[in-house]
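Hi,

Here is the structure I promised to pass on. Have a look at it first, and my notes follow below.

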Amino acid sequence: MAQIIVHPKTALVDVPLQIRVTGLLPSQLIMLQASLTDERGELFQSQVFYKADENGEVDLEHAGALGGDYVGIHPMGLFWSMKPKKMLSRLLKRDVINSPFLVHLSVYDITKPFSSSPDSLMASETVERWYSTPGVQRIQLKEGRVRGALFLPPGDGPFPGVIDLFGGIGGLVEFRASLLASHGFATLALAYFAYDDLPKNLDVIDIEYFEEAADILLRHPKVLGPSIGIVSVSRGAQIGMAMATFLKQVAATVCINGVFLAEQIVIKYRNEKFFSFSQHLERLRINELGLLAFYSALGNPQEEANKHGLLPVERAEGHILFIVGEKDYSVNSKIHAEQVMEQLRRHGKNNATLLSYPGAGHLIEPPYSPLCVASMNPFIPRPVLWGGETIPHAEAQEHSWKEILKFLRHHLTPTSISKL
């Protein structure tokens, strides 16, 4: 009788699993399926074909997929290759403390390709994928102007402090913050528009709001001062770079696929303002599937006309880690990161590192997250093309997450902070 053996059955989402199918006939062809239903009832699913070895087993550590959602040896491919049944859906965990994603793994007879009828079901197993470890505490934050959710690791602390920033979808996104807390960082998932009583639209980026958030985080008795880190993506990465530029509290900043030009939006801090008219809306592209690509419409930071919109990044005293996907169809994040690196070099600074991933798209998330090639944005009338190729994007997510954790640990320890 066929059986799926998974270890561990309960784990954080960034923990790889060992998956084996036993009890098959030698050389038997099967279809392995992974499926989950998110909190909004949307189904995500992957289906892959394998052939049993001479012992009637399929071990995903060693067996190569023959077809389906991927080909070759990819032990966690069933997870990162899942696709939404409803097109343009993005997998986002909302309740990160009280419930996991339940992923159902199933083995089917291959006589009817891509059929998952009960008649062809041979074995099944369910695994729990959590965004927080037991003991992580979530505290709703509403202090002064600041809105967000603070995640504290289990224990007495103090813990290194991190602010987590997402992009143009607005609201409060918590899944990365809770995962960072599970790795020992007191993490503030920070909202900055379209949430609670914050502005519904982002017209001005006022860095003093983010400075207030940093001060609140540092005042918490379980947060290790005197400095914090930033993890940021997309529009959030633009803000993260501005925080690194102007705020002395910031010791380590991770910027994932960002634009570092004050483009079509004012960035201000106290009496300084930065703005550029460099956006070229006439260059927007709509592909064959009706997906909107911003890539060509955003301004080039190396053009003379945009120099006044550049942030004075040479003021940044902390360390910066740029993570860029070379198949990002939303922004040319690599050229923006290279511009910052060049600015720093011209001022005799070497406090930044650039990690560039061929094949990775815009939405680089924690390991084993399904690639989101395109999705809706509540503030844009057409679906947005984010880009990315499934296998290299998955490899980029796994590698970059390890680098992010290593970077934060290295630069937010008491020894490294004292050197700033």
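First, a convention for helix pairs: a crossing is left-handed if the near helix is turned anticlockwise from the far one by less than a right angle, and right-handed if clockwise. Helices (H or I, at least four residues) and strands (E, at least two) are DSSP runs, numbered from the N terminus. Keep in mind that this is a predicted model: local features need pLDDT of at least 70, side-chain atom pairs count only at pLDDT 80 or more, and totals for chains, interfaces and linings use all residues. Residues are numbered from 1 along each chain as its sequence is written, and side-chain values use heavy atoms, with hydrogens and water left out.

Now the helices. Helix 2 passes helix 6 in a right-handed crossing. On the helix 2 side, the contact (heavy atoms within 4.5 Å) is made by Arg 176, Leu 179 and Leu 180, and helix 6 brings Trp 401, Leu 405 and Leu 408.

Leu 408 turns up again in the largest nonpolar core, which has 125 residues: Leu 408 and Ile 163 touch the most other members. A core here is a set of buried Ala, Val, Leu, Ile, Met, Phe, Trp, Tyr and Cys residues joined through side-chain atoms within 4.5 Å. Buried means under 20% relative accessible area, exposed over 50%, and partly exposed in between (1.4 Å probe, protein chains only). Leaving aside neighbours within four places in sequence, the contacts of Ile 163 include Leu 188, Phe 210, Ile 230 and Met 243. There is also a second, separate core of six residues, with Phe 294, Leu 363, Cys 372 and Val 384 among them.

Phe 159 sits in strand 13 (residues 159-165) and counts as buried at 11% relative accessibility.

Two cis peptide bonds may interest you. One joins Gly 157 and Pro 158, with omega about 0 degrees; the other runs from Gly 225 to Pro 226, with omega near 5 degrees. Pro 158 is in the loop between strand 12 (146-152) and strand 13, whereas Pro 226 is in strand 16 (residues 223-233).

Which non-glycine residue has a positive phi near 50 degrees? That is Asn 257, which is buried at 1% relative accessible area and is one of the residues that His 362 touches. Ser 27 has a positive phi too, of about 65 degrees, but Ser 27 is partly exposed at 41%.

Cheers
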